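Please walk me through this model, from its overall fold down to the contacts of individual side chains.

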Amino acid sequence: GRKRRKEKEEDDYYEETEEEQEDIDEIKEVIKITHKWLEELPPETIERFKRSEDFNKYKNTLKKLGMIK
């Protein structure tokens with residue numbers, strides 16, 4: 001009875017974790033695509049982006065996802 005229910009709960013938790021990892025992988029892929037397009041911008045636009053608060057958010061997100069150091 002009780003032990004089997006706990007195993008079921010652990011299985012459900014594992015499935016959620018696997019789904020979350022798939023979401024994270026998808027987010028990383030979208031960031032890579034975005035980065036590729038950003039590189040196509042004119043150098044002066046890239047420089048303005050690097051000086052913006054948006055770039056700090058972008059960089060912090062890459063760090064949190066382990067995509068940069």
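What percentage of the residues of the chain count as buried? Of its 69 residues, 10% do, where buried means under 20% relative accessible area and exposed over 50%, with a 1.4 Å probe and protein chains only. The model is predicted, so that local features need pLDDT of at least 70 and side-chain atom pairs count only at pLDDT 80 or more, while totals for chains, interfaces and linings use all residues. Residues are numbered from 1 along each chain as its sequence is written, and side-chain values use heavy atoms, with hydrogens and water left out.

The chain has three helices and zero strands, assigned as DSSP runs (H or I, at least four residues, for helices; E, at least two, for strands) and numbered from the N terminus. Its accessible surface comes to about 6,600 Å², 51% of which belongs to carbon and sulfur atoms, as computed by the Shrake-Rupley method with a 1.4 Å probe.

Helix α3 covers residues 53-64, and its 12 residues should span 16 Å at 1.5 Å a residue, which agrees with the 17 Å between its end C-alpha atoms; the expected span is 1.5 Å times one less than the number of residues. The buried residues of α3 are F55, Y58 and L62. They cover an arc of only 60 degrees around the axis, which puts them on the same side of α3, the arc being that of the directions from the helix axis to the C-beta atoms. On the other side of α3, E53, K57 and K64 are exposed.

S52 is found in the loop between α2 (43-50) and α3, and it caps the N-terminal end of α3 with a side-chain oxygen 3.3 Å from the backbone nitrogen of D54. The side chain of S52 also reaches the backbone nitrogen of F55 at 3.2 Å, and a polar atom of that side chain lies 2.6 Å from the backbone oxygen of F49. Such a polar contact is a pair of N or O atoms within 3.5 Å; within protein, one must be able to donate a hydrogen and the other to accept it, and residues adjacent in sequence count only if both atoms are side-chain atoms. After α3 comes G66, whose phi is positive, near 75 degrees.
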